[in-house]
Every structure is written in C-alpha cells, then in structure tokens.
Amino acid sequence: MATTPVIYFNEARFELLKLSRNRSYLFSMIGFPVIFYLLFGVTNKNYVFHGHTIARYLLAGYSCFGAMGSSLFGIGAGLAFERGHGWLEMKRASPMPAAAYLLAKLSVSITFAVGIALLLMTLGTALAGVHITTFEGLRLLAVIALGVVPFASLGLIIGLVMPSNAAPGVINLIYLPLSFCGGLWMPIETLPHWLQVIAHGLPSFWFARLALRTLGYSDSSAILAWALLAGYTVLFLSAAAFIFRRQEARA
C-alpha cells in the first residue's frame, strides 16, 4: 500500500498530466495572458509609465491575470466537471485522503501560475526589452505562487455549486471583470475614479498591488494587502465548507 506522501505526489502528478492534455484549459489559462500581454504590453513597449516602459509595468498585472485563471479554471471548472460526471464521488469513496485531492489541484494551479509568469518575463525581455533583476523576478514569482490561494478558494465555491457545462462561462463572468476592475489589464490610474474606489474592495486589486510592489511600482502596504487576501481566503473557504456540508446533508 502506498504511503501518504506517495499518494499526495501521485495525485498531483496525475492532475498535472490531465490538465496538460486539456487543450481548452491550456488556451484559457495560458492563451489569455500571453495574447493580452502581447497586445497591450509588447506593442506599446515604447510608452513610458511611472518612469518605466508599460511592458514592464503590465508584466506584474498579466502575471496575476494568469495566476487567477490557472486557479479559477483549474479548480473551479475542474471540480465542477468531476462532480457532475461522478468522478468526485469515486474519489471520495477511495481510501485516498481528502486533502490530497484539493492539494493536488492547488499545487498544479501554482505550478501553472509560476510557469505563466516565467513565460511573460521571457516575452517581455525578448520582445519588449524589459529589464528585471533576478531578485525582482524571484519576489514576483513568490507573490504569484502565494496569491493563487484566495482565487483557488473562490474556485472551490464555483466548483461546488455550478453544473459542469455552466462553470466555464460563470468563471469568465467573474474572472474577466475582476481582472479589468482590479487594474490587471491596464494601470489602475487610467480607470474612472469611481472604478478605482470599487477596486479597493477586490482581491484582484490587492494581488496586483503586491506584484507591482516587487517591481517598485506600488507603495501600498504589503501587510495590509496580505491581510486582506488572507481574509478573502478564510471567507471563501468558510463559504465552501458551508456549501459542502449542506450538500452532504441532502445526500
């Protein structure tokens, strides 16, 4: 019988293999941030914002955009599909620890999020002349890896309540407005004032602030940003636990 560490590792490995073969997931997760960055960052590489090129500034935003997508689609859409097709019931009936299932999805989401950030760094450096130091790059990757968690928690709620065929559409209705209103697609200063006020209540805004801080663009409090993201995580996980208990009671 496999030991617990082997079970966790194998579950994560199979999850990574499954998503790597899912073309629609790869396009949604990797295609969006790459295409948007090429359109808005690379093509405007000579535009200067806050003393640096817009390509460098948007590197942080689109890295966050990719991280959000990897968690919302990987966990939200993936869980909804497996729940709707009975795969989740089979997993729960197996002797596998329940945490292995969720941690595998989270670890794969983090893997893809970091991979997207590295890809965007490469594109920015090669096509737009973006200069980023090793220390800045490592700090940005750390923020991206940790910042996935609240959005993974939100994806858990979506996966528990949405039918498999509706989940991708609902995710886009959440994912895209959160990204735009949070200042991930363009500098938040360019948005209307009323939208800037609303942005302060969104987890995507604080995620972007932390990423921008690693590149020297934001003077927002890192402690406040992390505290708010932690609060969102607790809120989303509590809601997911409540939904799960109600579904169990009805079963």
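A residue is called buried when its relative accessible area is under 20%, exposed when it is over 50%, and partly exposed in between, as judged with a 1.4 Å probe and with protein chains only. By this scale Leu 224, which lies in helix H10 (residues 222-250), is partly exposed, because its relative accessible area is 41%; helices here are DSSP runs of H or I with at least four residues, numbered from the N terminus. Leu 224 and Trp 206 are separated by 18 residues in sequence and by 8.7 Å in space, C-alpha to C-alpha.

The structure is a predicted model, in which local features need pLDDT of at least 70 and side-chain atom pairs count only at pLDDT 80 or more, whereas totals for chains, interfaces and linings use all residues. Residues are numbered from 1 along each chain as its sequence is written, and side-chain values use heavy atoms, with hydrogens and water left out.

Side chains of opposite charge can pair when their charged atoms come close. The structure holds five salt bridges, each defined as a side-chain nitrogen of Lys or Arg within 4 Å of a carboxyl oxygen of Asp or Glu. One of them joins Lys 105 and Glu 15 at 3.0 Å, N to O; since Lys 105 lies in helix H5 and Glu 15 in helix H1 (residues 4-20), this pair ties together parts that are 90 residues apart in sequence. Lys 18 and Glu 82 meet in another salt bridge, at 2.3 Å, N to O, and this pair ties together parts that are 64 residues apart in sequence, because Lys 18 lies in helix H1 and Glu 82 in helix H3 (residues 54-84). Lys 18 counts as partly exposed, at 36% relative accessibility, while Glu 82 counts as buried, at 4%.

Contacts of Arg 209 (heavy atoms within 4.5 Å) include Tyr 57, Ile 188, Ser 218 and Ser 220, not counting residues up to four places away in sequence.

Note on methods
Helices (H or I, at least four residues) and strands (E, at least two) are DSSP runs, numbered from the N terminus.
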